[in-house]
Amino acid sequence: MINHKHPEIRTHLVIVTGPDSPIRDRNEEFISLVLSTGSVISGITYINVRTYNRNTLIGKGKIDELKKTISEEAFDLLVFSHDLIASQERNLEKILCCPVIDRTRLILDIFAKRAQSAAGKLQVELAQLNHLSTRLVRGWTHLERQKGGIGLRGPGEKQLETDRRLLGIRIKTIKARLKKIEVQRAVNRKSRMKSAKTVALVGYTNAGKSTLFNAITSSETYVADQMFATLDPLFRPLKSVNKKQVIVSDTVGFIRDLPETLIQAFLSTLEELSSADLILHVLDVSDQNIYENKHSVEEMLKKINAHNVPVINVCNKIDLVRSKSEIFSIDDAVQVSAQSGAGLDELTKYVTKKLEPLKTIRKIRLDLDQSRVRSEIYELSSVIEETVNDDNQIEILCEIDDVSYERLKKNEKIEAIQSKMANH
């Protein structure tokens, strides 16, 4: 845990640019991640490499330069922007004589700091343990000397007295508890889907999701100008323009290259996205990296099988741009300011319209003994007329959407003897 009596954890950042680095480097994002831990940045070293060293990530010459740079600086922790394998982390610590963590450990710590619910804390701990299990072969004595806890929050200190067998038992226990939570969430999700349409908010972290969530649901959930302010899923009814109930969910924001351990640990939470009727993808139009951020979120949606859910792009923070010409061109988008309220009524109307399925007027023929199907038709559609034909069969003229009609056909042998699109 971070010792709050000594909040000034001093970190020196090592920003590594290599052959696999993006064209537009995300140094600002990495620095924001470090600041999100509450630590103080004492210095930054930028290193460019043509090829990565498999033992230390950076070559001997770069290590010597780094040693010289940090020799005159007092700090508690060295944080690399590039992910390190266990052996690289151990070797760097030995050579540089200081604690070293990478970007993944940094993100795990931020998640641990933000998690509030029992489920959220378990999910983060599972991700931490899975990540740290590969690093148990090293000595942990330096951690006892460490002032604070970046990379150590949650289960970090427990690793001092445990071995792989005990770690495996703990992981198994957490998975069993999360399984029970997942089952309960699935039951709750099924209940919500029966009674209402569901809309899920997604977006790059700090895009304004939680502010928008509060604005369209009249909620007062926690909002902060920081990365990963929201971890645990929230559910509130939409301030809808009609009487039909719509439930809006808000969950964790995404970033580029979110650690796989976190994705796996939060799968049950992220399933809210794949089961939603509609996704609102919140985009920060004041961010120059809007297209790159949009792509990162879309790639994540593919990973969790939520890419087939209908999407509305919500261009947020239009109040922060000077003119409309500065707003990026995004297809199928609604421009809003969650902060000022601009465009929210239009968004709400668009959401309810998108959730209203196209309906077809169909005449369905049934036998007299299909009373259960008849009852289901009345439940799923708007019946216009019911008659009995000369062959003593029931003919029901109704307005029904395709999904409901396919559901009827799946359960019973029925056919529509005529159909036409409904006019709205």
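How many disulfides does a search of the whole structure find? The search finds 0. A disulfide here is a pair of cysteine sulfur atoms within 2.5 Å.

## Basis of the model

This is a predicted model, in which local features need pLDDT of at least 70, side-chain atom pairs count only at pLDDT 80 or more, and totals for chains, interfaces and linings use all residues. Residues are numbered from 1 along each chain as its sequence is written, and side-chain values use heavy atoms, leaving out hydrogens and water.

## Overall build

The protein has 14 helices and 14 strands. These are DSSP runs numbered from the N terminus: helices are H or I with at least four residues, strands are E with at least two. Of the 424 residues, 50% are buried. Buried means under 20% relative accessible area, exposed over 50%, and partly exposed in between, with a 1.4 Å probe and protein chains only.

Take contacts (heavy atoms within 4.5 Å) between residues at least 6 apart in sequence: 70% join residues at least 24 apart.

## The six-stranded sheet

An open, mixed sheet holds 6 strands in the order β6-β7-β5-β8-β9-β10. Strands pair if DSSP finds at least two bridges between them. β6 (234–237) and β10 (333–335) are the edges; each has a single partner strand, so one side of each lacks a neighbour in the sheet. From one strand to the next, the twist averages 25°. Axes are lines fitted to C-alpha atoms, for helices over the stretch in contact, and angles run from 0 to 180 degrees between N-to-C directions.

## Strand β8 and its surroundings

β8 (residues 278–284) runs parallel to β9 (residues 311–316), with 6 bridges. β8 is also parallel to β5, through 5 bridges. V202 has H281 in β8 as its bridge partner. D284 has N316 in β9. From β8 the chain passes through α11 to β9 in a right-handed β-α-β crossover: with the strands pointing away from the viewer, the path from the first strand over the helix to the second runs clockwise.

Both faces of β8 are covered. L278, L280, V282 and D284 are buried on one side, and I279, H281 and L283 on the other. L283 stands opposite C315 in β9. C315 is itself buried, at 1% relative accessible area.

Helix α8 (residues 209–217) lies across β5, β6, β7, β8 and β9, at about 160° to β7. Helix α11 (residues 290–303) packs on the sheet and touches β5, β8 and β9; its direction makes about 150° with that of β8.
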